[in-house]
Amino acid sequence: MVALTEEVGDNSTASLTRRQTLDVVFLVLAFCCVVSAMTLVVGSGAVVVQSVGGDVTLAPFSLASFFLGMSAVSLTVTQWVFKEWGRHIGFWSGICLALFGVLLSCIGVFHSSTALVLVANLFLGAGAGIGMYLRFAAIEVVPPEFHSRAMTWVLCGGCIASFAGPEAARAAEGQFGEEENMQYFGVFVVAACFHLAQALFVYMVNFPSPIAEEISERIKDERENRERGPIQVEESRVHSEVKVSSDPTELSAILKNSDFILPVLVAILTWAVMAMPMSIFRVAMKVAGYTSRESLTVMEFHFFSMYSPGFYSGIFIKNHGPIKASAVAIVMYLLATIVNVFATEGESNAVAPWYAGLVLLGIGWNFGFSGASIWVTKSYASSPHLKGKVQAANEFLVFFFSGALIFATGYIYSGGGGGVKGWQTLNYVIFGLIGSIVVVVAASLKINSEEEGENREEEPVHDIELRNTWYDGEYRDTRRDEIDGA
């Protein structure tokens, strides 16, 4: 196998060893299995609920339950399972949760129990929530100069899964009986196969042990401290003249800071604007006269548009910052919602607006959620020891509140009359949520402008504020750099 190479700063060529290359390949395949199972279950969720007797208002509840499962696992499991047990056991525990969800789904489908199917989605979401951490695990198996590339390579699995999951769902339909409730039984059987394959690929990865990782982090921190040197500022002057508004050391202080609240709000609204239409559009297309094949293909391109922009959006965020990425998301969402409002009933070539609207939603989600994910790192940049807890709080809030908004989708759709009219009514509501994102982004720009104005007034070195600024793709505490430069 040919080793992967990359040009590094000194123009020498760094390369991955055979073992590191295999680790990345297995992580790509494992992530592909996670997203395939997720797209398979999420893409079929609404129609599965209807097949077991649920009405149209309950159809989006499957996705909402899935989100709540991801939220719950972020709050209760992910912040400690990897640290205490390591990556292998951590990911396997997520797979066990997902397989239990598959078992409940099969029982619910067999007995036509809507309640059991929705409960099963909680466990399926929990399993997916842990599996999504594979993208972060990628940076642990490669040298530092390959970190950004490794995460991008793993996300390639999402592009493959965009088609693998829905097509597998299509192939499995009706394989276990022609009765309405058994029509989608095979969907969950295939989901179980994907999770078992994920377990195998995770086993093949050579993750560093938690202890070795901790030692490596300590060595890295010590090396960086030696390179930076001591800060030449008298302690008394630091305490009396340097502000610490951007350097919260307690978790409660971070969670109350605008650097945490604003990106979390953007992430919640970004997910809601994308997921609310996604959770009901197959039902709307079916009522409007489109075939299952047509709505499934729209779903595939929607999922593809969610992951494929990642090859560029990361570069955009590095160069321009997460707030501008959120602005791109707003533009994409506005275009998508305008197109969705003009969707029509099934006719020749009438499916184009459905394609365009859902693809634009996916692109907007990628920029918005990626930007918010990077943006929130500013909140703990000065307190890295709280990174795990802040990330867990972020994911819990994002999936809990976006999931709660999705619960309203079916009622909005039904209230609008169902079909194309209900779809248009839902998108009118989406305009309001997009307006909320605009308000949040405008507030962040205003706060940044005020902070920059204060910083310009504080020219003496000893008056420099402890702050985090966007620089070369990450938030940094620039106090040290400015003091050393002065």
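Modeller: Contact means heavy atoms within 4.5 Å. This is a predicted model, in which local features need pLDDT of at least 70, side-chain atom pairs count only at pLDDT 80 or more, and totals for chains, interfaces and linings use all residues. Residues are numbered from 1 along each chain as its sequence is written, and side-chain values use heavy atoms, without hydrogens and water.

Biologist: With which residues is Thr409 in contact, leaving aside neighbours within four places in sequence?

Modeller: Pro60, Met276, Ser279, Ile280 and Leu426. Thr409 itself lies in helix H18, residues 409-415. A helix here is a DSSP run of H or I, at least four residues, numbered from the N terminus.

Biologist: What makes Thr409 buried or exposed?

Modeller: Its relative accessible area is 0%. Buried means under 20%, exposed over 50%, and partly exposed in between (1.4 Å probe, protein chains only). So Thr409 is buried.

Biologist: Why does Ala192 count as buried?

Modeller: Its relative accessibility is 15%, so Ala192 passes as buried. Ala192 sits in helix H7, residues 185-204. Beyond its neighbours within four places in sequence, Ala192 is in contact with Leu99 and Val102.

Biologist: How far is Ala192 from Gly101, C-alpha to C-alpha?

Modeller: Their C-alpha atoms are 9.3 Å apart, although 91 residues separate them along the chain.

Biologist: Why is Ser112 called partly exposed?

Modeller: Ser112 has 34% relative accessibility, so it counts as partly exposed. Find Ser112 in the loop between helix H3 (78-110) and helix H4 (114-131).

Biologist: Now helix H1. How do you know that its span is close to the expected one?

Modeller: The expected span is 1.5 Å times one less than the number of residues. H1 (residues 18-51) has 34 residues, and 50 Å is expected. From first C-alpha to last, H1 reaches 48 Å, which is close.

Biologist: Where does H1 bend, and by how much?

Modeller: At Gly45, by about 55°. That bend is the angle between axes fitted to the seven residues ending there and the seven starting there.

Biologist: Why is H1 described as largely enclosed by the rest of the structure?

Modeller: Count its buried residues. They are 29 of the 34, so H1 is largely enclosed.

Biologist: Which residue with positive phi follows H1?

Modeller: Gly53, with phi near 110°.

Definitions and conventions. Helix = DSSP H or I, 4+ residues; strand = E, 2+ residues; numbered from the N terminus.
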